[in-house]
Each structure stands twice: as structure tokens, then as C-alpha cells.
Amino acid sequence: MKADRYLGLDTGGTGIKWVVTDMDLAVVASGEVPTDSEHITVSLARVATAVGPELGVEADLHRLAGMGMAVAGIVDPVEGRLGRSPNLPGWEDKNLAKAARDVFGQVETAFANDVNAALFGEFVQGAGRDCGDLVMIALGT
């Protein structure tokens with residue numbers, strides 16, 4: 001099967017919101033699964049289970065051309081590591097990239113702090129797409 005879908009994850013302390021898009025970034029499916037704040041692979045396996053049928057073939061994750069994962073905390077986007085995190089204590093100092101490979105295989109994955117990812121999304125596809133500069137103030141719990 002051809003890799004023709006992207007997966008985006010917004011990881012929070014209690015839930016992971018996910019979205020599947022086609023290659024033109026049109027939303028194909030979306031949902032949310034509970035986060036296991038102590039175990040990364042348990043959480044990502046929940047996402048894989050939810051997303052698989054939405055890709056058109058039960059659990060056919062080979063359709064994923066790429067994946068982005070936003071996480072609250074200090075994220076090293078190059079190494080795919082999470083440092084300190086305010087709401088994912090069991091994920092601190094863990095290798096997100098390895099956990100993603102363990103569950104999703106060798107799909108290209110980008111990692112970012114959740115607020116940075118939201119700002120970038122607005123700049124590229126959202127309210128800030130025609131702006132030269134953009135500032136975001138993120139308020140949360």
C-alpha cells in the first residue's frame with residue numbers, strides 16, 4: 001500500500017489528540033485516546049490501535065508517510081528526546097523517537113514542544129499563514 005497519510009499527535013497529560021491527513025493536509029480522521037503518563041509505548045500503542053482502521057486497512061500503518069508529535073516540556077527535536085515535562089513524569093528523559101519506532105516502525109517523525117508546534121501550525125496552515133511575523137501566547141492548566 002502507498003504511503004499517503006500523515007499523522008499528527010498532540011500529547012497531553014490525560015489525552016493524546018490525533019489527526020490523520022491526506023498528502024494535501026485535508027483531515028481524513030481525528031480522535032483522542034487516554035495518555036498513560038508513565039509509559040510512552042502504551043500511549044502510542046493506543047494511538048496505533050485507534051488510527052489503524054482510519055487508514056482504510058485495519059492496522060495498516062504502512063500508509064503513514066510521516067508523523068509529527070507535540071509534547072509539553074523540553075523537547076530535543078533532533079534526538080527526539082523529552083527532558084523535563086510538566087504533565088508526563090514517566091516520560092521525562094526518555095527517547096520519544098525510539099518509542100515511536102517501536103510502535104509505528106520506521107516512519108519519519110518530527111518532535112516538538114506542544115506550544116512551538118501549535119505556533120508553527122498556525123504560521124503555516126492557520127491564522128498566521130499570511131503574516132511575516134507571528135506571536136502566540138499559550139494559556140493552559
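Colleague: Which residues does leucine 9 touch, leaving out those up to four places away in sequence?

Modeller: Leucine 9 touches Ile16, Lys17, Trp18, Leu44, Val47, Met67, Gly68, Met69 and Ala70. Keep in mind that this is a predicted model.

Colleague: What makes those count as touching?

Modeller: The cut-off is heavy atoms within 4.5 Å.

Colleague: And which residues have the most contacts inside the largest nonpolar core?

Modeller: They are Leu7, Leu9, Trp18, Val47 and Phe104, in a core of 29 residues. Strand 1, strand 2 (15-21), strand 3 (27-34), helix 1, strand 4 and helix 2 each bring at least two residues to this core.

Colleague: Let's turn to helix 2. Which of its residues are buried?

Modeller: Within residues 96-104, the buried ones are Leu96, Ala97, Ala99, Ala100 and Phe104. They span an arc of only 160 degrees around the axis, so they sit on the same side of helix 2.

Colleague: Why would residues a few places apart point the same way in a helix?

Modeller: An α-helix has 3.6 residues a turn, so residues three or four places apart point the same way.

Colleague: What covers the buried residues of helix 2?

Modeller: The cover includes strand 1 (5-11), helix 1 (40-51), strand 4 (64-71), strand 6 (81-82), strand 7 (94-95) and strand 8 (109-113).

Colleague: What happens at the start of helix 2, around asparagine 95?

Modeller: A side-chain oxygen of asparagine 95 comes to within 3.0 Å of the backbone nitrogen of alanine 97. The asparagine 95 side chain also reaches the backbone nitrogen of lysine 98, at 2.8 Å.

Colleague: How do you know that the reach from asparagine 95 to lysine 98 is a polar contact?

Modeller: The cut-off for a pair of N or O atoms is 3.5 Å, and the value here is 2.8 Å, so the pair qualifies.

Colleague: Why is asparagine 95 called partly exposed?

Modeller: Its relative accessible area is 27%. Buried means under 20% and exposed means over 50%, so a value in between is called partly exposed. Asparagine 95 itself belongs to strand 7.

Colleague: Which residues does asparagine 95 contact outside its sequence neighbours?

Modeller: Beyond the neighbours within four places, asparagine 95 is in contact with Glu79, Gly80 and Arg81. Its C-alpha atom is 9.2 Å from that of glycine 83, twelve residues away along the chain.

Colleague: What about the other end of helix 2, at glycine 105?

Modeller: Just after helix 2, glycine 105 has a positive phi of about 85 degrees.

Colleague: Which residues other than glycine have a positive phi?

Modeller: Leucine 25 is one of them, with phi near 70 degrees, and aspartate 93 is another, with phi near 60 degrees. For background, most residues other than glycine have a negative phi.

Colleague: Where are leucine 25 and aspartate 93?

Modeller: Leucine 25 is in the loop between strand 2 and strand 3. Aspartate 93 is in the loop between strand 6 and strand 7.

Colleague: What makes glutamate 108 exposed?

Modeller: Its relative accessible area is 61%, and the cut-off is over 50%, so glutamate 108 counts as exposed. Glutamate 108 lies in the loop between helix 2 and strand 8. Even so, glutamate 108 touches Ala65, Gly66 and Met67, not counting residues up to four places away in sequence.

Colleague: Is alanine 29 buried or exposed?

Modeller: Buried: alanine 29 has 8% relative accessibility, and the limit is under 20%, so the word applies. Alanine 29 is part of strand 3. Leaving aside neighbours within four places, alanine 29 is in contact with Trp18, Val19, Val20 and Glu54.

Colleague: Last topic, the largest pocket. How much space lies in it?

Modeller: About 900 Å³. Of the 28 residues lining the largest pocket, Gly8, Val19, Ala117, Phe120 and Gly121 are closest to its centre.

Colleague: Which element gives the largest share of that lining?

Modeller: Helix 3 does, with nine residues.

Definitions and conventions. Residues are numbered from 1 along each chain as its sequence is written. This is a predicted model: local features need pLDDT of at least 70, side-chain atom pairs count only at pLDDT 80 or more; totals for chains, interfaces and linings use all residues. Side-chain values use heavy atoms; hydrogens and water are left out. Buried means under 20% relative accessible area, exposed over 50%, partly exposed in between (1.4 Å probe, protein chains only). Helices (H or I, at least four residues) and strands (E, at least two) are DSSP runs, numbered from the N terminus. The arc is that of the directions from the helix axis to the C-beta atoms. A polar contact is a pair of N or O atoms within 3.5 Å; within protein, one must be able to donate a hydrogen and the other to accept it, and residues adjacent in sequence count only if both atoms are side-chain atoms. A nonpolar core is a set of buried Ala, Val, Leu, Ile, Met, Phe, Trp, Tyr and Cys residues joined through side-chain atoms within 4.5 Å. On a 1 Å grid over the protein atoms alone, a cavity is a set of points where a 1.4 Å probe fits but cannot get out, and a pocket is an open set with protein on both sides within 12 Å along at least five of seven lines; lining residues have an atom within 4 Å of a point. Grid points are joined across faces, edges and corners, and a volume is the space filled by probe spheres set on the points.
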